[in-house]
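Today I opened a two-chain model and wrote down what I looked up, entry by entry.

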Amino acid sequence: MGFYLSKSRTVMHNLKPKLGSLGVMFHQSSGIASFSHHQESQSGLIKNLGAGSCNRPTLFTIWRSEHFKAEKQLDCKQNSGGPQVLNFPGGNVKFTSELDFLPEGLEERVHCYRILDENGQLTSSNFVQISDELAVRMYTYMAMLQTMDTIFYEAQRQGRISFYVTAIGEEAINIASAAALQLDDPVFPQYRESGVLLWRGFTLQEFANQCFGNKNDNCKGRQMPAHYGSVKHNYFTVASTVATQVPHAVGAAYSLKMDRINACSITYFGDGGTSTGDFHAALNFAAVMEAPVIFFCRNNGWAISTPVGDQFRSDGIVVRGQAYGVHSIRVDGNDALAIYSAVRAARQMAITEQRPVLIEALTYRGGHHTTSDDSTRYRSAEEIEWWRVAQCPVSRFRKWLEKEGWWNSDAETELRASLRKQVLRAIQVAEQVEKPPVADIFTDVYDAPPSNLHEQETTLLETIEKHPKEYPPNFSC
Amino acid sequence: MAAIVQGIGSTAAPCASSNKFLLSSLGSSLLEKKRNFFVVRSDGKCYTGLNQQQRRAQNVVTNAVATKEEKASAAVGSKPGHELLLFEALREGLEEEMDRDPCVCVMGEDVGHYGGSYKVTKGLAEKYGDLRVLDTPIAENSFTGMGIGAAMTGLRPIVEGMNMGFLLLAFNQISNNCGMLHYTSGGQFKIPIVIRGPGGVGRQLGAEHSQRLESYFQSIPGIQMVACSTAYNAKGLMKAAIRSDNPVILFEHVLLYNLKERIPDEEYVLNLEEAEMVRPGEHVTILTYSRMRYHVMQAAKTLVNNGYDPEVIDIRSLKPFDLYTIGNSVKKTHRVLIVEECMRTGGIGASLTAAINENFHDHLDAPIVCLSSQDVPTPYAGTLEEWTLVQPAQIVSAVEQLCL
């Protein structure tokens, strides 16, 4: 009863679907954004494979068992005269007698899409308009993220939680990208994207519970603070490993493609994460498989103490997209409007055209890498100060809101006070809740605990009973 | 975790049923179907198997597999069955599961139109399309990661490592994500992935392609490991692994793919955690798995001629061990010989020795003997390679020593 699925977005004439009922053929449609598409590769994809004609340039086919009819044509040249052309998988390649090496980069860096300048002033109208309601909501959540980060960071310094990761300076990335997505879009975060989860409805109390690892934590006290996950919010649990979530997102996109669901997956990672093997292969895969996934790179200048100059020598991350055959764009990571528009456009492209999209957001890591780091040891306080004040995405957005007449200083004071109170309350409550029971050490390793884990649990309980003073008190069983 | 027999009239449920999130946005093309199957326990009790809690509360089921002495026909039904090779049995199991559940998909290098390096997926891409039987670029860590992502969002992928040794590249994903995410997410995300591939020492494939990954993976919490050795158990374990909600690593052996056997026509699924009684006996318990089973059985012929009565158990489940079956055997024979292909250090035999010593020490009349390969990379030269593997003659001597 299995049904037939094809990965290519083009019509495949050469395949003979045995079960015609659910043959998947995606139709091309253009994205709404004004990116420069590679016109040849899109329009010219496989029309007829059986041709065998020397004159017809045969482009690369997905269905490989048929495509090396092209090998007959490798030696053929165009009859029309003019420069010699090699008919190679992927498209015709012109020959040249110039011994020219491609430079390591373009003369000018790839331009950065931006709408709001540092003063919150619109520089263009080429963006997706948002309603006052949405704008105020976005601002509220950016402020909420800021407040949550500040106070949780303080809590860690006070010794109330052991660890925390702030997203200071990246509030626009967090909130604006989340606002541009739908709840159906699975999110595969690195660890600096708690704002996405916040936007989706994870409450401050739930955040606090996870950080305290208490009984109400939906991860049952199993992970470090800030390693959130919520199936309800389609936000996949953070793992400490770098960039392992990038291939996961491709797998999720594959799943969406198989089920033909009107959604795309999105994954976030930093500049450092792009050096990993997983990043490379995931982009490559997504391109080959034509998977609906958004790769969102938060290029914040630092990977712990490694500046981007020591991380790579390319012009950031955006140029890498082209190497894999992926549409890419560079945006101002501190401009909420630009991010919102870019993610909206990317989502549309990913879903309707069934293709991956790479977004590089240029921003700055305003805080330390985590609470285990002191970034003043490797970067100047002036640099941090400049980015945090002059480029602050939250204040920039607020300035725009105020210019539009949707916000004012009274609303600001009220909001900040309310948020502060809510966060403090969440922490106070979470602190009082007891920790998860011993049994939670052994559940969820498998779907049901096997006998060896039962044995180990019994042994542990016996040990605790025999030596109650060696173990934390109030260990509920 | 008893054997599951598909009831009549049952049909597959849509992929998204496991992920309530996607259910709401399902297109009308995927119909909602009821899943109806019966769980048959070896003690004869029978109940409809949807209540997982109920199933879990019961003890490990023993010997759901028929324990006939002839390994050739383990057919349960009265029909004669059909003959095929082990790799075909794997494919049959795979195909049946793909027919039954549209969420099942395959990914790996050359699995698509090429049909797989060992032909396990031959013909599947033509039948199911090149998306459902997906050819991947050469990036094991990443396509395993992809499989994990797909599994977390409702699919049931089978990731093929062209050779088990290549999965060393996927260790990060297997250990840190596959094994852990169900736990660290508080049970919110499950990873019903099957990772399979051929391993073990082949015929002069060189050191890198002759690895026994079960030793490295056995420590990873959260995964299950099984090793097949006959066409019958290959198909049954493949099906069980696909249906399991846990990540399962299925170890096949390069040299066993062309084993011919007659298997039942009717559908059957084996228990992932159960060992297989190959030959009941009285004098000594020989524990083995995968290819070494055949070396053991060959040695058993000699031993029987010399008047010994070995009990041979193919442990099949490498993680967790079926200590119930093994324990019963030890209590009967009081002597244990483990024969494995792993290296001496840190192999399955080492863990099994520890487990038996811990649990059944009082029942042992002699120290456990473990025959393994030496701690050397597998050499290429045929003679050298043969000498690194446990041979039947060694097994015979070991039994004779043990039974003195």
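**Entry 1: a buried glutamate.** I started with A:Glu290, which counts as buried because its relative accessibility is 6% (buried is under 20% relative accessible area, exposed over 50%, partly exposed in between, with a 1.4 Å probe and protein chains only). I found A:Glu290 in the loop between α8 and β5 (293-299) of chain A; helices (H or I, at least four residues) and strands (E, at least two) are DSSP runs, numbered from the N terminus. I also checked A:Glu290 against A:Glu353: they are 63 residues apart in sequence, and their C-alpha atoms are 8.5 Å apart in space.

**Entry 2: ground rules.** I noted that this is a predicted model, where local features need pLDDT of at least 70 and side-chain atom pairs count only at pLDDT 80 or more, while totals for chains, interfaces and linings use all residues. Residues are numbered from 1 along each chain as its sequence is written, chains are lettered from A and ligands numbered from 1 in the order in which they are written, and side-chain values use heavy atoms, with hydrogens and water left out.

**Entry 3: where the chains meet.** I looked up the interface next: 66 residues of chain A are in contact with 62 residues of chain B (contact means heavy atoms within 4.5 Å). The area buried between chain A and chain B is about 5600 Å², and carbon and sulfur atoms give 62% of that; buried area is the accessible area (1.4 Å probe) that two parts lose on being put together, summed over both. On the chain A side, A:Val231, A:Phe285 and A:Tyr446 lose the most area to chain B, together 12% of what that side buries.

How many salt bridges cross the interface of chain A and chain B? I got 0 by the rule, which asks for a side-chain nitrogen of Lys or Arg within 4 Å of a carboxyl oxygen of Asp or Glu. For polar contact, I noted 20 residue pairs between chain A and chain B, both residues at pLDDT 80 or more. A polar contact is a pair of N or O atoms within 3.5 Å; within protein, one must be able to donate a hydrogen and the other to accept it, and residues adjacent in sequence count only if both atoms are side-chain atoms.

I then asked which helices do the touching: α2 (64-67), α7 (245-259), α8 (277-289) and α15 (451-466) of chain A each supply at least two residues of the side that touches chain B. With 11 residues, α7(A) gives the most to that side.

**Entry 4: charged pairs inside chain A.** A reminder to myself: side chains of opposite charge can pair when their charged atoms come close. Over all chains, I have a count of 38 salt bridges. One I looked up joins A:Arg330 and A:Glu360, with the closest N and O atoms 3.0 Å apart. This pair links distant parts of the chain, 30 residues apart, from strand β8 (residues 327-332) to strand β9 (residues 357-362) of chain A. A:Arg330 counts as buried because its relative accessibility is 2%, and A:Glu360 counts as buried at 0%.

**Entry 5: a glutamate with two partners in chain B.** B:Glu276 meets B:Arg293 in a salt bridge (3.1 Å, N to O). That pair runs from strand β12 (residues 276-279) to helix α10 (residues 292-305) of chain B, 17 residues apart. B:Arg316 also forms a salt bridge with B:Glu276, the closest N and O atoms being 2.7 Å apart. B:Arg316 sits in the loop between β14 (310-314) and β15 of chain B, 40 residues from B:Glu276. I checked burial too: B:Glu276 is buried at 11% relative accessibility, B:Arg293 at 0% and B:Arg316 at 0%.

Entry 6: The peptide bond from B:Lys319 to B:Pro320 is cis, with omega near 0°, and B:Pro320 is in the loop between β15 (317-319) and α11 (323-333) of chain B. B:His334 is not a glycine, yet its phi is positive, near 65°. I placed B:His334 in the loop between α11 and β16 (336-343) of chain B, and B:His334 counts as partly exposed because its relative accessibility is 25%.
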